[in-house]
Amino acid sequence: MTQVHGERRLRFDGPLERSLVHRHAADEVFVTDHVALGDGRFAVAARLPSAHRYFNDDPSPSASIDPMLLLECSRQAGTLVAHRHLGVPTDTAFLIAEWSITLDGEPPVLRPGHGTGELTMVIEAKDLKQRGESLLGATLVSELYFAGRRIATSTVITGYPSRAGYESFRTRRRSSAAPFSDAMPPRLVGTPADGRQVGRALEENIVLSTVRRTGGRTVADLDVPVAHPVFYDHPLDHVPATALLEAARQAALSAVAPEMEDAGEATGPWRVGALSARFGRFVELDSPTEVSACVKQGGSSRSVAVLFEQDGAIACDCVVTVLAPSAAPAPAATASGSR
């Protein structure tokens, strides 16, 4: 299938080069095409998987498109735009300062066996920070469209240091060299969170362990499997932003679960309607990280504050909006096809 943007047709029939989206595994590349629209705006096509071990892992049989999949598509699209349209070299490090997504109502259901879904993203590059001809940072605002309607908006504020600048910065912030994920133990020694409460069916996708309730908060240990094919598609020297956002999502769902049970309500399919995060410092692999979640607002919409604390400092703070089940079922996604 193709879709027209200006004088250019976007294609959905094959993934782009892996290095353009910082992926090593071809199966983890979802973007398929791109075109400049003018005035700092770009259109990017992506093909959504319908049978992915992480992005389609939900205990609910009628699960909507995962907001984490939409975030990953927007990340890939923004990385592609930076390299192909904003002049950022492919060996540049990407540092995320802030990242958010807001869904427009209930996303459609993408059922296994119904083909792949076609997603179009329109990205606007704003607040470009230049030093000479080098782009040091930008704000990328993405509108995500599926089946003719906008389903989400994502905003990321990112910096683009050189690889040498990144390594120098990492060395200054630590007293020792940062270990890489492939040299770390596979898991912490702890009990994984209840998959039914954090919205994951497979234990490999659960990133919290030793969940406890204390002082009105839900507290857990961050426990991201270092062999996870999405979070650690290639070795990294820190916990990536995508894993932290998944942990915030799981912590928020876990925090509202006791309230739902006390009220006689089902714990699912409550869903995430919005998520925002600020990253103040790297989350290191060789130091324990505590994740705490506190429900700030009740009603059919729960606002949950999530903090990541490591070595006595807040490394990342998030706000997650958790919504009650919709009265009407989410619309099913239709199969892709040529036309």
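How do the residues of the lining of the largest cavity divide into nonpolar, polar and charged? The legends below take up that point and others in this predicted model.

**View 1. Lining of the largest cavity.** The lining divides into eight nonpolar residues, one polar and one charged. Its members are Tyr 54, Phe 55, Met 68, Leu 71, Glu 72, Trp 99, Val 230, Phe 231, Thr 242 and Leu 245. Two elements, α1 (67-84) and α4, each give two or more residues to this lining. The largest share, three residues, comes from α1. The space inside is about 60 Å³. The structure holds one cavity of 30 Å³ or more.

**View 2. The largest nonpolar core.** This core has 82 residues. Leu 119, Met 121, Leu 222, Val 239, Val 306 and Phe 308 have the most contacts inside it. Helix α4 (residues 241-262) gives the most to the core, with eleven residues. Apart from it lies another core, of five residues, including Phe 12, Val 35, Ala 43 and Ala 45.

**View 3. Surroundings of Leu 119.** Leaving aside residues up to four places away in sequence, Leu 119 touches Phe 12, Val 44, Ala 45, Ala 46, Leu 48, Leu 70, Cys 73, Leu 144, Tyr 145, Phe 146 and Ile 151.

**View 4. Positive phi at His 22 and Asp 127.** Most residues other than glycine have a negative phi. His 22 is not a glycine, yet its phi is positive, about 60°. His 22 sits in the loop between β2 (8-11) and β3 (31-38). His 22 is partly exposed, with a relative accessible area of 23%. Asp 127 also has a positive phi, near 50°. Asp 127 belongs to strand β6 (residues 117-131).

Conventions
Residues numbered from 1 in each chain as written. Predicted model: local features only at pLDDT ≥ 70, side-chain atom pairs only at ≥ 80, totals over all residues. Heavy atoms only, no water. Core = buried A, V, L, I, M, F, W, Y, C linked by side-chain atoms within 4.5 Å. Buried < 20%, exposed > 50% of the residue type's maximum accessible area, 1.4 Å probe, protein only. Helix = DSSP H or I, 4+ residues; strand = E, 2+ residues; numbered from the N terminus. Contact = heavy atoms within 4.5 Å. 1 Å grid on protein atoms, 1.4 Å probe; cavity = no way out; pocket = protein on both sides within 12 Å on 5 of 7 lines; lining within 4 Å. Points joined across faces, edges and corners; volume = space filled by probe spheres on them. Nonpolar A, V, L, I, M, F, W, Y, C, P; charged D, E, K, R; others polar.
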